[in-house]
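Please keep the sequence and the model in view while reading.

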Amino acid sequence: MNSSSHITHNAAYNTVDRDDFPSMIEVGRYGERTDAFDQIISQTEDHFWDPLDPTYVDFKTPFDVRERTLMPRDFTVELNCAVADRLTPAQQIELANESTRFTLSSILRDPGAQEYAANQAREEARHVTAFSRYVQARWGTPLAVGPTLGSLLNELVLAPEVYKKLVGMQMLVEGLAMGAFATIHSLTEDPLLRRTVQLVMTDEAFHHRFGKIWAERTVPKLSEQEHEIVEAWAAKCFQTLLFNLVNAEQKQGIYKRFGLDWQWVRSAVLEAFTDADRRRMMTRGTNIFRVLIKTLLKSGIITERTRATYAAWVDMDELARERDEVVGQDVADAAMVELQELNRGRKKIGRALRATA
């Protein structure tokens, strides 16, 4: 692989093309091991949870999605404009919950790579299991992911550049997830959904930290040209997500059952929801786009080159003064304590079992 595409200056991220297996097994590569991730690897057992075990989360918890919205009405932008006038009260509840279903369906993904990523792949797999079971309990089947997020994830999975996988998947996508989960956890009316995202957040906090380790070890060593490449790409991803992630075009499949034209819905939403409203929403600590900006800023990726891109939406000085902690960390920490207690008597395997013996 062309080394210039790596844009990394730390042996912990020494990697090769995903299809170049001979290089993967070179002694010079696998014979050396970094200790950069030892702490988060060793804590994997601490936040173990099983989505198939009702001890951790019971998917039989009742909630009538025909009578109640899973999230507050103002969480569904379509119900705060002319769209609501065309729907019966029952349809409004259904549309609100279909929007939540769309959000949760977009979370069903599964990345991975090398030792810590092997743990992460297992954790992502149980997230898919957990959200699949939640969606099954409430609706039966998930919805298709929107083309914007789908295209971005496809780019990240197939990209040969290391920085795209680390900045894109471990920082932007994981930060996006933590912001979404923190919002859902604080606002949902469904105790089962709150419990599910709480457990997922214990894992996601570590996944986000994986990307932060890359930034701490790599960004200070970037050349001006390398920094500009990473920074410009991150800004492009942010703008793509900001303007396309949840717009009406992404959700047009939902509107058909209500007899709504997605282009009309988009016009109605744009008429009622202005840039000023977007900025107001981005003052909330759990707003997903605020979380993305904070992640990039605290990682040293944003400089004066792209600062104006983000300053158009948030107060960058205020953001810089905030603690360097991912949103939802307090929820994840509280769940960690509970999981440690639940797992105290759980049968251990592998290295943990040998250590006990």
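In which hand does α7 pass α13 where the two cross? The crossing of α7 with α13 is right-handed; a crossing is called left-handed if the near helix is turned anticlockwise from the far one by less than a right angle, and right-handed if clockwise. The contact is formed by Val 167, Met 171, Leu 172, Gly 175, Leu 176, Gly 179 and Ala 180 on the α7 side and by Ile 288, Val 291, Leu 292, Thr 295 and Leu 296 on the α13 side, where contact means heavy atoms within 4.5 Å. Sorted by class, this contact holds 9 nonpolar, 3 polar and no charged residues. Here Ala, Val, Leu, Ile, Met, Phe, Trp, Tyr, Cys and Pro count as nonpolar, Asp, Glu, Lys and Arg as charged, and the others, Gly among them, as polar.

The model is a predicted one, in which local features need pLDDT of at least 70 and side-chain atom pairs count only at pLDDT 80 or more, while totals for chains, interfaces and linings use all residues. Residues are numbered from 1 along each chain as its sequence is written, and side-chain values use heavy atoms, with hydrogens and water left out.

Two packed helices are described by the angle between their axes and the distance between the axes. For α7 (residues 162-187) and α13 (residues 288-298), the angle is about 140° and the axes lie 8 Å apart. Axes are lines fitted to C-alpha atoms, for helices over the stretch in contact, and angles run from 0 to 180 degrees between N-to-C directions.

The chain as a whole has 17 helices and 0 strands; helices (H or I, at least four residues) and strands (E, at least two) are DSSP runs, numbered from the N terminus. Of its 357 residues, 50% count as buried, a term that means under 20% relative accessible area with a 1.4 Å probe, protein chains only. Among contacts between residues at least 6 apart in sequence, 77% join residues at least 24 apart.

Helix α9 (residues 224-244) has 21 residues and spans 30 Å from its first C-alpha to its last, close to the 30 Å expected at 1.5 Å a residue; the expected span is 1.5 Å times one less than the number of residues. Its buried residues include Glu 226, His 227, Trp 233 and Phe 238. Among the elements that cover the buried residues of α9 are α7 and α13. Lys 164, found in helix α7, is itself buried, with a relative accessible area of 13%. Beyond its neighbours within four places in sequence, Lys 164 is in contact with Glu 155, Leu 156, Ala 159, Met 169 and Trp 233.

Another part of the fold brings together Thr 202 of helix α8 (residues 191-218) and Ala 332 of helix α16 (residues 329-342). Thr 202 is buried at a relative accessible area of 0%, and Ala 332 is buried at 1%. Apart from residues up to four places away in sequence, Ala 332 touches Met 201, Thr 202 and Ala 205. The contacts of Thr 202 include His 47, Trp 49 and Ala 332. The C-alpha atoms of Ala 332 and His 47 are separated by 9.3 Å, although these residues are 285 apart along the chain.

Finally, Ser 105 lies in helix α4 (residues 89-105) and counts as buried at 4% relative accessibility.
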